[in-house]
Amino acid sequence: MADADRATPFGVYVHWPFCLSKCPYCDFNSHVRQAAIDQPRYVAAFTAEIAATAARIPGRTVSTIFFGGGTPSLMAPATVGAVLDAIARHWTVAPDAEITLEANPSSVEATRFRGYRAAGVNRVSLGVQSLDDAVLRQLGRLHTAREALDAVAVARAMFERYSFDLIYARPGQTLTAWRNELAAALAQAGEHLSLYQLTIEPETPFAALHATGKLVLPDDDLGRDLYDATLEQCATAGLPAYEVSNHARPGAECRHNLVYWRAGEYAGIGPGAHGRIEVDGVRRATATEKRPEAWLMRVETAGHGVTVDDALSRDEQADELLLMGLRLAEGIDPARYAALAGRRLDTGRIAALAGHGFVETTADGRLRVTRSGFPVLDAVVADLAA
Ligand SMILES: C[S@@+](CC[C@H](N)C(=O)[O-])C[C@H]1O[C@@H](n2cnc3c(N)ncnc32)[C@H](O)[C@@H]1O
Ligand code: SF4
């Protein structure tokens, strides 16, 4: 695609890899450091990596920027501003670009919201996780429910758009308790909510507790009931699911995450960031060094921290389209799959999955996973990709 023709969205992901403490369920690339982080040094490295990436994919118009972590709300507003300036020096940032920052909802972090807004951030995503203090302690969180709701109120006053995350299907959680907690959350929600079922990630403290039977998750039936209740309650409140775990007022979806799910183009900046970029007509998967200090040194010597830079075959791209696109309520365009894979999806498999009620074809010919299919999404994707 010629650069001048590029009307499609392009996103920039920036990873801040530090947290004040490590939550026992989390396996994101996040690290706790005793010493203060040298933020100007990170600004210089982010700037260098942005320049190096822009040299490979010049002329893009940035439609979304996402500061993820880790805990990006530990970044000084000046650090966020400097990264945004660097992005604007090397690419064109669309006037209506969505610029999101992930924040932990403590009172200290809320005091930085005004500075983020002045720097150009126009959307925050808060990790509230639960509205129950006992659960927050169990999840190793450093904030209370009150503090989290206060941070949500500051976000509501300060930004055009905000979202928050909750984790459900937690040990001991009943359907009634979740319904009540979700109702309280919906009363505070704006246009968007992310609701994740607790996942046991390998090599986390929760994985060890789970393995020894000290942490017991809801069984499959209860998990299904919790998921159904979530879909129903959010839809009734005007925030239908547009992705497996994401709910929004139509039109208020997270545009950055849509770039991933629609298999669009995005650059990954910072330690452990992933990207999908198109260089000389070839789609490439990139990833950077994960360890923050090693990433810094690499950028300072080589000008970038990229450790993976693989051309994706058309089959790999077709598989990614299924894997990402079928997470969305809108599903995928089978013609796009066929153009990538060089063959159509197997009609027999689609018919069998549709017979079980797991997928359906819409009036305009898109293939999507149904409500009963979402709980078995991985199996559906594996079947279609086989
Ligand atoms: C990058 S993380 C966290 C952002 C921010 N540091 C925070 O904790 O508030 C994004 C979200 O993933 C979710 N998450 C992380 N680990 C999870 C797990 N094991 N199971 C379910 N959700 C998880 C949490 O809801 C979290 O807010
Ligand atoms: S959940 Fe958020 S605060 Fe907790 S360790 Fe992971 S990234 Fe850090």
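1. Contacts of Thr230. Leaving aside residues up to four places away in sequence, Thr230 is in contact with Tyr168, Trp178, Leu182, Leu195 and His247. This is a predicted model, and in it Thr230 belongs to helix α9, which runs over residues 220–236. With a relative accessibility of 1%, Thr230 counts as buried.

2. Overall build. The protein contains 15 helices and 14 strands. Its radius of gyration is 21 Å, close to the 21 Å that the globule rule gives for 386 residues, so the protein is as compact as a globular protein of that length. The C-alpha trace spans about 55 × 55 × 40 Å along the principal axes. Of the 386 residues, 52% are buried, and among contacts with a separation of 6 or more, 69% are between residues 24 or more positions apart.

3. Arg283, a buried charge. Arg283 is placed in strand β11, residues 282–288. Which side chain of opposite charge is nearest to Arg283? That side chain is Glu320, at 4.4 Å, and Arg283, although buried, has no salt bridge; the cut-off for a salt bridge is a side-chain nitrogen within 4 Å of a carboxyl oxygen. The side chain of Arg283 does, however, reach the backbone oxygen of Gly264 at 3.0 Å. Residues up to four places away in sequence being left out, Arg283 touches Ala263, Gly264, Glu265, Arg276, Ile277, Glu278, Asp310, Ala311, Leu312, Gln317 and Glu320.

4. Salt bridges across the structure. A search of the whole structure finds 21 salt bridges, including the one between Arg161 and Glu191, whose side chains meet at 2.7 Å, N to O. Arg161 lies in strand β5 (residues 161–168) and Glu191 in the loop between α7 (175–188) and β6 (192–197), so the pair ties together parts that are 30 residues apart in sequence. Both partners are buried, Arg161 with a relative accessible area of 16% and Glu191 with a relative accessibility of 11%. Arg161 and Glu191 also belong, with Glu98 and Arg249, to a network of linked salt bridges.

5. A salt bridge within a helix. Arg146 and Asp150 form a salt bridge in which the closest N and O atoms are 3.1 Å apart. Both residues lie in helix α6 (residues 145–158), four residues apart, about one turn of the helix. An α-helix has 3.6 residues a turn, so residues three or four places apart point the same way. Arg146 counts as exposed at 54% relative accessibility, whereas Asp150, at 40%, counts as partly exposed.

6. The pair Arg291 and Glu289. A further salt bridge joins Arg291 to Glu289, with the closest N and O atoms 2.8 Å apart. The two partners fall into separate accessibility classes: Arg291 is exposed, with a relative accessible area of 53%, while Glu289 is buried, with a relative accessible area of 11%.

7. Helix α13 and its ends. Where on helix α13 (residues 334–341) do the buried residues lie? The buried residues are Tyr337, Ala338, Leu340 and Ala341, and they cover an arc of only 165° around the axis, which puts them on the same side of α13. These buried residues pack against α12 (314–325). At the start of α13, a side-chain oxygen of Asp333 comes to within 3.0 Å of the backbone nitrogen of Ala335, and after the helix comes Gly342, with a positive phi near 80°.

8. Backbone geometry to inspect. The peptide bond joining Gly69 and Gly70 is cis, with omega about 15°; Gly70 is in the loop between β2 (61–69) and α2 (77–90). Gln129, a residue other than glycine, has a positive phi, near 70°; Gln129 lies in strand β4 (residues 123–129) and counts as buried at 8% relative accessibility. Ala169, likewise not a glycine, has a positive phi near 60°; Ala169 is found in the loop between β5 and α7 and is buried, with a relative accessible area of 6%.

Notes
Residues numbered from 1 in each chain as written. Chains lettered and ligands numbered in written order. Heavy atoms only, no water. Buried < 20%, exposed > 50% of the residue type's maximum accessible area, 1.4 Å probe, protein only. Helix = DSSP H or I, 4+ residues; strand = E, 2+ residues; numbered from the N terminus. Arc of directions from axis to C-beta. Contact = heavy atoms within 4.5 Å. Polar contact = N/O pair within 3.5 Å; in protein donor to acceptor, adjacent residues only side chain to side chain. Lys, Arg positive; Asp, Glu negative; His and termini not counted. Rg over C-alpha atoms; globule rule 2.2 N^0.38 Å.
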